[in-house]
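Please open the structure in a viewer and keep the selection tool at hand.

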Amino acid sequence: MKKNLINKLAMAVALSVSLTATAEAVTLKLSHVRPQATAIDMDAKQFANDIKAATDGKVKVKIYAASALGDYTVVQERVGLGAVDMAVQPPASGVDKRFQVVYMPYLVKTWDDAQKVFAKGSSMRQTVAELYDAQNITVLGAWPVYFGGVSLNKEIDNAADPSVNKGAKLRVPPIKTFQLTADNIGFIGSPLPFSEAFTAVQTGVVDGVMGSGAEGYYASFRDVTKSYLPINTHFEMWYLIINKDVFNELNDDQRTKLTSAADKFEATRWENARGDQAKNEQLLEKAGAHIVPVSEAQIEAHATIVREKVWPEIINDIGAEWAQGVLDEALK
């Protein structure tokens with residue numbers, strides 16, 4: 001009888017442990033904007049594998065590629081609400097226009113400067129974390145993408161001269177910095193959600209796209225890109241974000257392992273991003289796009305115009321004192 005009691009107690013303990021383990025198991029939905037098998041998709045999958053291995057399968061990450069859960073502007077709101085657990089994507093300024101500060105055109109001009117300004121531990125990262133925190137979102141890491149350029153569905157004379165009126169309409173993200181930049185370097189900015197951009201180019205509503213770089217244009221626009229203008233419009237960082245409540249509901253060990261995997265996710269990308277940019281320009285060329293030659297002097301000419309005409313407007317729009325302080329600290 002004593003033996004039976006011991007067996008029953010052992011079974012009860014085993015069942016309790018099993019139920020506890022099941023209760024702690026969680027699957028997190030992670031959204032990103034690119035098609036499957038692109039660089040971010042592969043890195044996101046590696047991140048998911050790292051989390052699964054580190055937590056013995058207690059925390060799993062399910063990847064939703066190609067904006068399957070909605071346009072990135074919508075997904076950011078959903079992450080804040082907890083309807084989507086995680087995302088890796090560009091910040092959207094619809095809820096808080098101060099996010100425009102991370103898109104300041106020609107804020108940095110080299111990869112070394114970009115890493116100094118945007119990497120973990122920088123003042124800009126702290127600013128970004130604070131802006132997301134106000135939306136109930138925690139920043140786990142980031143994914144440096146590229147220096148931006150312009151994709152065109154036709155050849156344009158003097159495309160690399162910012163003083164020439166090109167008469168071409170560009171889809172730009174619904175963020176003021178991009179529209180003002182397009183308007184001041186000879187194009188016409190037309191704000192459209194990312195999800196509508198390809199159709200807009202394909203049907204001739206716009207003549208091209210601004211707001212991405214060679215990686216994005218090859219992944220999503222190569223069939224409508226006839227020429228690519230690498231004028232370094234901005235440096236793009238995507239942030240690996242998670243709903244704050246979801247993050248806090250994980251136990252201490254799971255949060256630590258999630259953060260560690262995010263650190264690896266970011267560090268690996270900094271190592272690979274420069275080479276990827278050059279590779280994607282080559283892929284665009286192989287797909288039939290003409291890569292427009294752009295000199296350092298021409299990039300400097302774009303930067304001069306934009307800093308003189310665009311920066312003051314953006315700084316005033318998002319709060320002069322706050323924005324100037326953020327920029328001064330970032331560029332120390």
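**First stop: helices α2 and α10**

Select helix α2 and then helix α10: α2 passes α10 in a right-handed crossing. A crossing is called right-handed if the near helix is turned clockwise from the far one by less than a right angle, and left-handed if anticlockwise.

The model is a predicted one, in which local features need pLDDT of at least 70 and side-chain atom pairs count only at pLDDT 80 or more, while totals for chains, interfaces and linings use all residues. Residues are numbered from 1 along each chain as its sequence is written, and side-chain values use heavy atoms, with hydrogens and water left out.

Two packed helices are described by the angle between their axes and the distance between the axes. Helix α2 covers residues 39-54 and helix α10 residues 252-286; they pack at an angle of about 155°, with their axes 10 Å apart. That makes α2 roughly antiparallel to α10. Here the axes are lines fitted to C-alpha atoms, for helices over the stretch in contact, and angles run from 0 to 180 degrees between N-to-C directions. Angles under 35 degrees count as roughly parallel, over 145 as roughly antiparallel, 65 to 115 as roughly perpendicular, and the rest as oblique.

Now display the side chains where the two helices meet. On α2 these include A39, I40, F47 and I51, and on α10 they include L258, A261, F265 and R269. By class, the contact of α2 with α10 has 10 nonpolar, 1 polar and 6 charged residues. Contact means heavy atoms within 4.5 Å; Ala, Val, Leu, Ile, Met, Phe, Trp, Tyr, Cys and Pro count as nonpolar, Asp, Glu, Lys and Arg as charged, and the others, Gly among them, as polar.

**Second stop: helices α8 and α10**

From α8 the contact draws on A214, E215, Y217 and Y218, and from α10 on Q277, N280, E281, L283 and L284. The residues of this contact of α8 with α10 divide into 5 nonpolar, 2 polar and 2 charged.

**Third stop: aromatic rings**

Show the aromatic side chains next. Rings of Phe, Tyr and Trp (its six-membered ring) pair if their centres lie within 6.5 Å; planes under 30 degrees apart are stacked, over 60 edge-to-face, and the rest tilted. By this rule the count comes to 14 aromatic pairs. Y217 counts as buried at 0% relative accessibility, and F221 is buried at 2%. Buried means under 20% relative accessible area, exposed over 50%, and partly exposed in between (1.4 Å probe, protein chains only). Ring pairs also link W111, F118, F147, F235 and W270 into a cluster.

What does A182 touch, not counting residues up to four places away in sequence? A182 touches V172, F187, I188, G189 and M210. After α6 comes G186, whose phi is positive, near 100°.

Move on to S190 in strand β7, which counts as buried at 17% relative accessibility. Leaving aside its neighbours within four places in sequence, S190 is in contact with K169, L170, R171, V172 and V206.

Most residues other than glycine have a negative phi, and most peptide bonds are trans. D56 is not a glycine, yet has a positive phi of about 55°; D56 lies in the loop between α2 and β2 (59-64) and counts as exposed at 68% relative accessibility. A66, likewise not a glycine, also has a positive phi of about 55°. A66 is found in the loop between β2 and α3 (72-81) and is partly exposed at 45%.

**Last stop: the whole protein**

Finally, zoom out. The secondary structure comes to 13 helices and 11 strands, and the C-alpha trace spans about 95 × 45 × 30 Å along its principal axes. Buried residues make up 51% of the 332 residues.

Definitions and conventions: Helices (H or I, at least four residues) and strands (E, at least two) are DSSP runs, numbered from the N terminus.
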